[in-house]
Amino acid sequence: LPQSIVMRRRATYEPPIVDWLQEPSFGPPVLEQFASTSLWDARFLRRALRDELIKLVRKLPDSYYTERQWLEEFWVILTLGSWYDRYIARVR
């Protein structure tokens, strides 16, 4: 690689999750997947957390500007739940 690329300043990419979750063709199916993952039945996480995060997603975009940390929690749990459903729950 050219030295200019190797030495350039690092940059991060923040995906437009808020926009995605507000999109009618994307948000509702993702929220349904989040709410129904078998991960909740495994009791690794509090069900109250699920309900709190669903409420915050439904209040987008306002809820994003008051506190951003919850969106990261939502995305991590969504990803973990998808993995759990695919590789753990279906094996049973």
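A nonpolar core is taken here as a set of buried Ala, Val, Leu, Ile, Met, Phe, Trp, Tyr and Cys residues joined through side-chain atoms within 4.5 Å, where buried means under 20% relative accessible area, exposed over 50% and partly exposed in between, for a 1.4 Å probe and protein chains only. The structure is a predicted model, in which local features need pLDDT of at least 70 and side-chain atom pairs count only at pLDDT 80 or more, whereas totals for chains, interfaces and linings use all residues. Residues are numbered from 1 along each chain as its sequence is written, and side-chain values use heavy atoms, with hydrogens and water left out.

The largest nonpolar core holds 20 residues, of which L21, F34 and F74 touch the most other members. Helices α2, α3, α4 and α6 are the elements that give two or more residues to this core, and the largest share, six residues, comes from α6. Helices are DSSP runs of H or I with at least four residues, numbered from the N terminus. In soluble globular proteins, nonpolar side chains tend to be buried together.

Helix α3 spans residues 27-36, and within it G27, V30, L31 and F34 are buried. Seen down the axis of α3, these buried residues fall within an arc of 100°, so they line one face of the helix; the arc is that of the directions from the helix axis to the C-beta atoms. An α-helix has 3.6 residues a turn, so residues three or four places apart point the same way. The cover over the buried residues of α3 includes α2 (17-22), α4 (47-58) and α6 (69-89). With contact defined as heavy atoms within 4.5 Å, and with neighbours within four places in sequence left aside, F34 is in contact with W40, R50, L53, I54, F74, I77 and L78. R50, which lies in helix α4, counts as buried at 17% relative accessibility. Not counting residues up to four places away in sequence, R50 touches F34, A35 and W40.

D85 lies in helix α6 and is partly exposed, with a relative accessible area of 25%. Although D85 and Q33 are 52 residues apart along the chain, their C-alpha atoms are separated by 9.9 Å. When neighbours within four places in sequence are set aside, the contacts of D85 are T37, S38, L39 and R90. By contrast, the C-alpha atoms of Q3 and L71, 68 residues apart along the chain, are separated by 37 Å; Q3 lies in helix α1 (residues 3-6) and is exposed, with a relative accessible area of 54%.

Two backbone features fall in loops. Most residues other than glycine have a negative phi, and most peptide bonds are trans. R43, in the loop between α3 and α4, has a positive phi of about 65° although it is not a glycine, and R43 is exposed, with a relative accessible area of 73%. The peptide bond from L60 to P61 is cis, with omega near 5°, and P61 lies in the loop between α4 and α5 (62-66).

As to pockets, the largest is lined by 13 residues, of which E14, P15, I17, Y64 and L71 lie nearest its centre. Helices α2, α5 and α6 are the elements that give two or more residues to its lining, and the largest share, four residues, comes from α6.

Technical notes. 1 Å grid on protein atoms, 1.4 Å probe; cavity = no way out; pocket = protein on both sides within 12 Å on 5 of 7 lines; lining within 4 Å.
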